[in-house]
Amino acid sequence: MQNITPEQRQYAVEQFLYQVSDACDSQDWDRYLGYFTEDAEFHVPQWRSEHEYTQNPKREMSLIYYASRSGLEDRVFRIRTGKSAACTPMPRTLHLIDNVRCQAGETDQLAVSVNWVTHYYRFGESRHFFGRANYRLCWQGEQLKIAGKHVLLLNDKIDSVLDFYHL
């Protein structure tokens, strides 16, 4: 899908990210997982200091790290089967994405950066997480897929639970 204008590419990326957010907010896990490639890496680094975060998920601490989509599939399995006490009950979420920046690379992949806020409601309380995310997106036929998601959580004081559906 390379024969599109930068404006068309920007629009396609924004619509794709909105669809991913909607799948997560709707807890439509099959659709959500379908947006990731099999080898998609999902990484949320830990802060080393106030302005420096860890870089290498294989050698340093991370808040969340899945080397491939199978890590997300495992989390979804635990949610569906009730084997994750931390997810019972599931929170209601609302993902907001802003300031989408898209750059085409030399390969078929796109480098996309966004700012985000996720509001969630659980146990009678409303809370939120916010930060920045960098995506590696690729075209598979006419469909965009997430080949990598790197999330920088800016408010990392976690009172109870942080999971993939918060990000």
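**Close-up 1. The lining of the largest cavity in this predicted model, sorted by residue class.** By class, 11 nonpolar, three polar and one charged residues make up the lining of the largest cavity. The structure holds one cavity of 30 Å³ or more, and the space in the largest cavity comes to about 120 Å³. Helix 1, strand 5, strand 6 and strand 7 are the elements that give two or more residues to this lining, and strand 6 gives the most, with four residues. In all, 15 residues line the largest cavity, and those that lie nearest its centre are Ser21, His95, Tyr135, Lys149 and Leu167.

**Close-up 2. Serine 21 in helix 1.** Serine 21 has its place in helix 1, which runs over residues 6-25. Is serine 21 buried or exposed? Its relative accessibility is 10%, and because buried means under 20%, serine 21 counts as buried. When its neighbours within four places in sequence are left aside, serine 21 is in contact with His95 and Ile97.

**Close-up 3. The buried face of helix 1 and what covers it.** The 20 residues of helix 1, at 1.5 Å a residue, should span 28 Å, and the end C-alpha atoms are 29 Å apart, which agrees. Which residues of helix 1 are buried? They are Arg9, Val13, Phe16, Leu17, Val20, Ser21, Ala23 and Cys24. Seen down the helix axis, these buried residues fall within an arc of 160°, so they line one face of helix 1. On the other side of the helix, Glu7 and Tyr11 are exposed. The cover over the buried residues of helix 1 includes helix 2, strand 5, strand 6, strand 7 and strand 8. Helix 1 is followed by glutamine 27, whose phi is positive, near 55°.

**Close-up 4. Leucine 33 in helix 2.** Leucine 33 is found in helix 2, and at 9% relative accessibility it counts as buried. Not counting residues up to four places away in sequence, leucine 33 touches Arg69, Leu72, Glu73 and Val76. Leucine 33 and tyrosine 11 are 22 residues apart in sequence, and their C-alpha atoms are 22 Å apart in space.

**Close-up 5. The buried face of helix 3.** Helix 3, which covers residues 69-81, has 13 residues that should span 18 Å at 1.5 Å a residue, and its end C-alpha atoms are 18 Å apart, which agrees. The buried residues of helix 3 are Arg69, Gly71, Leu72, Arg75, Val76 and Ile79. Seen down the axis of helix 3, these residues fall within an arc of 160°, so they line one face of the helix. Helix 2, strand 1 and strand 4 are among the elements that cover them. After helix 3 comes glycine 82, whose phi is positive, near 75°.

**Close-up 6. The largest pocket and its lining.** About 150 Å³ of space lies in the largest pocket. Which elements give two or more residues to its lining? They are strand 6, residues 109-122, and strand 7, residues 125-140. Among the lining residues are Pro91, Tyr120, Arg122, Phe123, Glu125 and Arg127, and the lining also includes Asp159, Ser160, Val161, Tyr165 and His166. By class, five nonpolar, two polar and four charged residues line the largest pocket.

Technical notes: Residues numbered from 1 in each chain as written. Predicted model: local features only at pLDDT ≥ 70, side-chain atom pairs only at ≥ 80, totals over all residues. Heavy atoms only, no water. 1 Å grid on protein atoms, 1.4 Å probe; cavity = no way out; pocket = protein on both sides within 12 Å on 5 of 7 lines; lining within 4 Å. Points joined across faces, edges and corners; volume = space filled by probe spheres on them. Nonpolar A, V, L, I, M, F, W, Y, C, P; charged D, E, K, R; others polar. Buried < 20%, exposed > 50% of the residue type's maximum accessible area, 1.4 Å probe, protein only. Contact = heavy atoms within 4.5 Å. Expected span 1.5 Å × (residues − 1). Arc of directions from axis to C-beta.
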